[in-house]
Amino acid sequence: MKTLNKVIFPRKSYNETTPKKSFKPSPSGVKTFGINTNADYVATEINLKVMPATYIYKEDGKEHEIKINMPGQHNIMNSLAALAVSRELDVPIKIIQKALINFPGIKRRFEIIGNFKIDKNSFLPINECFC
């Protein structure tokens, strides 16, 4: 499955205290991110069958494994959006990896309540409360 989204970056920094070096807007003001698609920031080799979920992000010919402690393709996209914004602000990839794997998510939203095995079948109950 291919998905593509856009992140809009202002062409100029409106915060005068922001160092110009830390802000590198694209000429068009738009960067794209997606899954298995032609975008500026791409997630490939997604594995949602394990926790933490993983995917590969490539930059400058190097592969970086990204891990997140939340299930679902939408959370892959959310983390990829955060990665895109962070890289545009020159945050090192190692710091992004650490932040994403340590992000606890929102309490009671996709909260894993256990990992159980009954006979030969395993299941992972997840609290999907919207409260």
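This is a short tour of a predicted model, stop by stop.

**Stop 1: the whole chain.** Colour the protein chain by pLDDT. The average is 75, and 58% of the residues score at least 70.

**Stop 2: residues 10-23.** Select residues 10-23, where pLDDT stays under 50. The model has 16 contacts beyond four places in sequence for this stretch. Where pLDDT is low, the predicted coordinates should not be read in detail.

**Stop 3: strand β2.** Select residues 30-35, which make up strand β2. Of its 6 residues, 5 are buried, so the strand is largely enclosed by the rest of the structure.

**Stop 4: from β2 to β3.** Strands β2 and β3 run parallel and are joined by 3 bridges. To look at a bridge, pick Gly 34, whose partner in β3 is Val 42.

**Stop 5: the aromatic pair.** Show the side chains of Tyr 41 and Tyr 57. How many aromatic pairs does the count give? The count comes to 1 aromatic pair. Tyr 41 and Tyr 57 form it, with 6.1 Å from centre to centre and 15 degrees between the planes, and the pair is stacked.

Stop 6: Are they buried or exposed? Tyr 41 has 7% relative accessibility and counts as buried, because the cut-off for buried is under 20%. Tyr 57, at 1% relative accessibility, also counts as buried.

Methods. Residues are numbered from 1 along each chain as its sequence is written. This is a predicted model: local features need pLDDT of at least 70, side-chain atom pairs count only at pLDDT 80 or more; totals for chains, interfaces and linings use all residues. Side-chain values use heavy atoms; hydrogens and water are left out. pLDDT is the predictor's confidence in each residue, from 0 to 100. Contact means heavy atoms within 4.5 Å. Rings of Phe, Tyr and Trp (its six-membered ring) pair if their centres lie within 6.5 Å; planes under 30 degrees apart count as stacked, over 60 as edge-to-face and the rest as tilted. Buried means under 20% relative accessible area, exposed over 50%, partly exposed in between (1.4 Å probe, protein chains only). Helices (H or I, at least four residues) and strands (E, at least two) are DSSP runs, numbered from the N terminus. Two strands pair if DSSP finds at least two bridges between them.
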